[in-house]
Every structure is written in structure tokens, then in C-alpha cells.
Amino acid sequence: MANINMADTAPSCDTYLLFNGETLLPNGVRAFIYTVVLAYCFIGLSAITGRFFKSMESIMRHSREVVTVDPHTNATIVKHEKVWNYTIADVALLAFGTSFPQISLATIDAIRNLGQLTAGGLGPGTLVGSAAFDLFPIHAVCVVMPRAGSKKKISDLGVWLVELFWSFWAFIWLYIILEVWTPRVITLWEALLTVLQYGLLLLHAYAQDKRWPYVSIPLARGDRPEDWVPTEDASVDYDDNYDGIGDILPGQNEDIVDIFSAHSYSNEGYHHVSEKDVEESPTGLTLKNKWEDTHWFSIWWQQFVDAATLESSVSRKMDSTCLRVIGISWNLIIAPWKMLFAFIPPYEIAHGWIAFICSLIFISGIAYGVTKITDQISCVTGVSPYVIAFTALAAGTSWPDLVASKIAAERQITADSAIANITCSNSVNIYVGIGVPWLVDTMYNYFVYKKPLYTDNAAGLSFSLLVFFATSFGCITVLVLRRVILGAELGGPRMWAWATSVYFMILWVVFVVLSSLRISGVI
């Protein structure tokens with residue numbers, strides 16, 4: 001198997017990846033072809049984000065019926081409570097799901113590296129670069145998302161501070177492992193402790209959300225919506241706005257019934273539909289007909305119909321022929337991805353869990369292809385895989401993070417989820433994205449060779465961490481200043497919003513340039 005070291009990847013240049021005869025082409029032509037294919041994989045990651053986000057929203061809307069008895073009147077009180085906690089959803093579902101491309105890539109790189117005493121650098125490089133992409137470009141996008149003049153602020157500063165602490169501690173911990181505790185050596189216990197800290201993050205965030213004494217910051221929570229996704233926007237079909245994949249279902253203005261449970265989603269919000277009500281209510285027959293009309297096979301088939309549609313009804317009404325042609329051309333380019341992702345079961349099934357899991361599986365498959373293509377690009381160009389990892393791969397695999405934060409910044413009333421996705425994704429990248437691959441390799445080396453895992457690129461990774469610390473301090477300082485001066489982290493006067501956005505992008509360029517120069521041996 002190909003390794004990430006340049007000396008070991010050289011032989012892979014003599015084998016073809018895409019088609020027979022590609023090894024006969026000049027290296028420059030091969031590099032161009034591989035780069036185009038890599039970009040197409042990133043488009044696929046962007047496209048699948050739509051289905052992933054919809055399935056996650058379906059999971060978040062799931063509620064349960066809680067029956068209590070009033071102690072004074074003995075009357076039965078029926079309430080519907082959300083199954084998922086607001087904060088845990090941000091940390092566990094949103095951050096973990098959007099970081100799954102990076103996690104998959106790092107884990108695949110670790111599995112390919114089994115039997116080697118030296119850790120691969122493709123995964124860690126991607127994850128550190130992804131952390132920088134999350135913190136700078138995604139903040140740059142989110143800060144200009146609110147409408148002109150409108151502002152969105154973090155309602156629960158306590159939870160954000162907890163998430164921010166664990167995000168920064170993740171990189172401090174990584175530096176301690178690489179340079180202080182056991183320099184250039186990863187032990188089994190270090191890898192295990194890294195993974196376990198993700199559980200501590202979940203527990204601490206939940207404790208802060210519930211304001212547990214002694215372990216939470218005594219800050220009052222501001223107003224925030226009860227629903228993770230605002231009810232008034234629940235029926236908005238946003239797929240066509242950002243990934244070109246339409247999931248428009250028959251009769252989408254009516255209730256869409258979850259076929260695995262007695263729940264329905266409507267413009268009025270989420271409510272419970274008991275089977276008894278279906279049978280006894282005057283509209284029982286209508287509900288039964290809807291149940292049959294929205295059978296999962298029909299809905300699933302509609303996904304393939306939508307995937308084969310190159311022009312929507314809205315696009316046909318546009319006066320600009322040029323824009324229509326551009327839209328059709330784009331849909332034609334991504335048609336293979338749309339058709340492939342149509343195999344993902346509808347998100348109405350089982351509260352969205354099946355679609356959520358299947359989306360992650362497809363993301364893993366794309367990540368595997370990305371690792372193979374990256375090996376070939378590194379081989380034919382001579383560029384260090386680590387440089388490719390924290391630049392191109394980091395940006396490409398972080399696209400779901402960007403899309404998710406952008407949607408959250410647009411659709412939610414507060415800035416909590418948009419910014420929480422950024423800080424929590426950085427934590428997930430380290431605790432899970434680096435911790436799990438290192439745990440896999442260290443366990444293998446411990447039981448097979450009785451040796452730890454060594455890191456060849458520790459110096460370059462440590463330097464990138466130091467640059468990240470310096471630039472991230474500048475980013476967080478500006479967010480705090482925006483809160484104090486403007487009263488919100490996102491939005492505000494357009495001039496200041498765009499100025500902040502440009503500043504964040506400059507910080508990202510500084511990180512990429514300095515890290516690249518260090519890896520290349522220039523500095």
C-alpha cells in the first residue's frame with residue numbers, strides 16, 4: 001500500500017489509478033487530471049451535505065410524549081419534549097457529522113499505515129489545516145450572512161466559553177504530546193486519553209447548558225428558540241440553494257408523515273399523531289391516505305426523478321437565458337453525484353437516522369478516494385503530502401463545515417449553532433479525528449511489536465500549532481470586540497461585517513503561507 005512518505009510513494013507512480021495508460025502521460029498532465037478529479041470529489045462532499053443536514057434536522061425535531069399528573073388537581077398533563085438537548089446536538093450531531101470527511105480520511109490513512117512504526121501525516125495535517133479553515137474562512141463567511149444591518153449574537157456565552165476552552169485545550173494537548181510529554185512518540189495511553197476527552201467535552205457542555213453547580217460558568221442564558229431549527233423555516237427547501245440536489249416531495253405543503261413512527265412534520269411545527277387518533281378522528285381516512293401516498297418507496301423513487309431533472313420549475317421562469325444555461329450545465333456536471341446520493345433513504349424514515357448514517361458512509365467512501373488521489377498528486381508533483389493535506393485537503397473536506405455553519409447563520413435566530421459548529425468541529429478534529437487513528441495504530445504496534453508510534457513530521461506539525469495559536473488569538477479577540485462594540489458576533493453594519501470577513505481571510509493566508517514555508521524547509 002502507498003505510504004505518505006515521499007520515498008515510499010514513488011513506486012505508486014508506476015501504477016494507474018483512473019484508467020489504463022495514464023502512467024504513459026507526462027507528470028504535468030497526470031497532475032492536472034488528478035487535481036480535477038480531486039475537485040470533483042470535493043463537489044460530491046458539498047452535494048451530500050444537503051441530505052446530511054436535512055436528516056440531522058429530522059433527528060432534532062423528534063420529540064417524545066411525557067405524561068405527568070398535577071399534584072393539586074390530579075389532572076393528567078401531556079407534554080411533548082425534545083429528545084435531543086440543544087447543546088449536545090451541536091457538539092455530537094452537527095460538529096461530528098460535518099467533521100466526518102476529515103475523520104474518515106484520517107482513519108483510512110491510519111488503517112493503510114498499519115504495520116508501520118511511523119504515523120502517517122496525511123490525517124493530522126488535514127485535521128490541523130481543517131481547524132484553521134474552520135476558524136478563519138468559515139467565520140469570514142458567517143459574519144456576512146445576516147441581512148444588512150441585522151445582528152445575530154451568541155445567546156449562551158457560558159456554553160460557548162466551555163466549547164472554546166476545550167477547542168484550545170485540544171491543540172495545547174496535541175502540542176504537549178508532540179513536544180513535551182513524549183517528544184515525537186505517541187503512546188497507547190496518550191492516544192486513549194485524547195479520545196476520552198471528547199466525552200469530557202460532551203459532559204462539560206451538557207453541565208453548562210443545565211447550569212450544574214460547581215462545574216458550570218455562572219452566566220445567564222439569553223433568549224434562544226426552543227427548536228434547533230426555527231419552525232417558520234422548517235418547510236424551506238434549501239437544497240437547491242447550495243448543493244443542487246432537490247428533495248422536493250409530492251405535496252410538500254401538506255403533512256409529511258414519518259412511516260416508522262406516528263409523528264408528522266408540517267408548517268405548524270412538529271406534533272404527535274397517535275395511531276388511535278388516525279383511526280378514530282374524522283380525518284382518519286385522509287391521514288391513512290397520506291400515509292399510503294407518502295410511502296417510502298414512492299418518496300425514494302422521487303429522489304431519482306429529482307436527480308435526473310436538470311432544470312427546476314423556478315429556473316424555467318427566469319428571464320435570463322444565460323443564467324438558465326449555467327444552471328443546467330451545473331446540474332449536468334453534478335448529475336452523477338445526485339444520482340448516486342439518491343440511493344440514500346429518505347430522511348422521513350426513522351426520524352432521519354438511516355439517512356444520517358448512510359450519508360456518513362458515502363462521505364467515508366469519497367474520503368477514501370481522496371486519499372488515493374492525494375497520494376498520486378504528491379507522487380507526480382513532488383509536493384509534500386503534508387502541504388497538500390493542510391491546504392487543499394483541509395479546505396475540501398471542511399466544505400460541509402462551511403455549508404452547515406452558513407445555513408445555521410442564515411436560518412437560526414441566534415449565532416450559537418453557527419459558531420458552536422466551528423469551535424466544536426475543531427475539538428472533534430483533535431479528540432476524534434486524530435485520537436482515533438492514533439489509537440488504531442498505537443494499539444496495533446503495542447500488541448504486535450510492543451513499541452509505540454513514532455512521528456516523523458512532529459516538528460512541522462508543532463510549528464503549525466504555534467502559528468494557529470497566534471492567529472486564532474487574533475480571531476477570537478475580534479469576535480469579543482464585535483460583541484462589546486456592536487452587540488453581536490455576526491452581522492451588523494455591512495462595512496464592518498465585510499472588514500471583519502477580510503481580516504479573518506488574511507489570518508488564514510498567514511497560517512497557510514507560514515506553515516507551507518516551514519514544511520518546505522524555507523524557514
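The charged end of Lys450 sits over the ring of Tyr446, at 5.4 Å from the ring centre; the criterion is NZ of Lys or CZ of Arg within 6 Å of the ring centre and within 35 degrees of the ring normal. The model is predicted, so local features need pLDDT of at least 70 and side-chain atom pairs count only at pLDDT 80 or more, while totals for chains, interfaces and linings use all residues. Residues are numbered from 1 along each chain as its sequence is written, and side-chain values use heavy atoms, with hydrogens and water left out.

Aromatic pairs were assigned to rings of Phe, Tyr and Trp (its six-membered ring) with centres within 6.5 Å, and planes under 30 degrees apart count as stacked, over 60 as edge-to-face and the rest as tilted. This rule gives 18 aromatic pairs. In one of them, the rings of Phe304 and Phe343 have centres 4.9 Å apart and planes at 85°, so the pair is edge-to-face. The pair links distant parts of the chain, 39 residues apart: Phe304 lies in helix 11, and Phe343 in the loop between helix 14 (335-341) and helix 15 (353-381). Phe343 is partly exposed, with a relative accessible area of 49%; buried means under 20%, exposed over 50% and partly exposed in between (1.4 Å probe, protein chains only). Tyr444 and Tyr449 also form an edge-to-face pair, with 6.2 Å centre to centre and 70° between the planes. Tyr444 is partly exposed at 32% relative accessibility, as is Tyr449 at 36%. One aromatic cluster is formed by Tyr40, Trp337, Phe341 and Phe362.

Phe304 is placed in helix 11 (residues 296-308); helices are DSSP runs (H or I, at least four residues), numbered from the N terminus. Phe304 is buried, its relative accessible area being 19%. With residues up to four places away in sequence not counted, Phe304 touches Met339, Ala342 and Phe343, contact meaning heavy atoms within 4.5 Å. The C-alpha atoms of Phe304 and Met339 are separated by 6.2 Å, and the two residues are 35 residues apart along the chain.

Helix 17 (residues 399-411) and helix 18 (residues 416-448) pack with their axes 7 Å apart, at an angle of about 155°. Axes are lines fitted to C-alpha atoms, for helices over the stretch in contact, and angles run from 0 to 180 degrees between N-to-C directions. Helix 17 is thus roughly antiparallel to helix 18; angles under 35 degrees count as roughly parallel, over 145 as roughly antiparallel, 65 to 115 as roughly perpendicular and the rest as oblique. Asp401, Ala404, Ser405, Ala408 and Ala409 of helix 17 make the contact with Ser417, Ala418, Asn421, Ile422 and Ser425 of helix 18.

How values were computed: Helix = DSSP H or I, 4+ residues; strand = E, 2+ residues; numbered from the N terminus.
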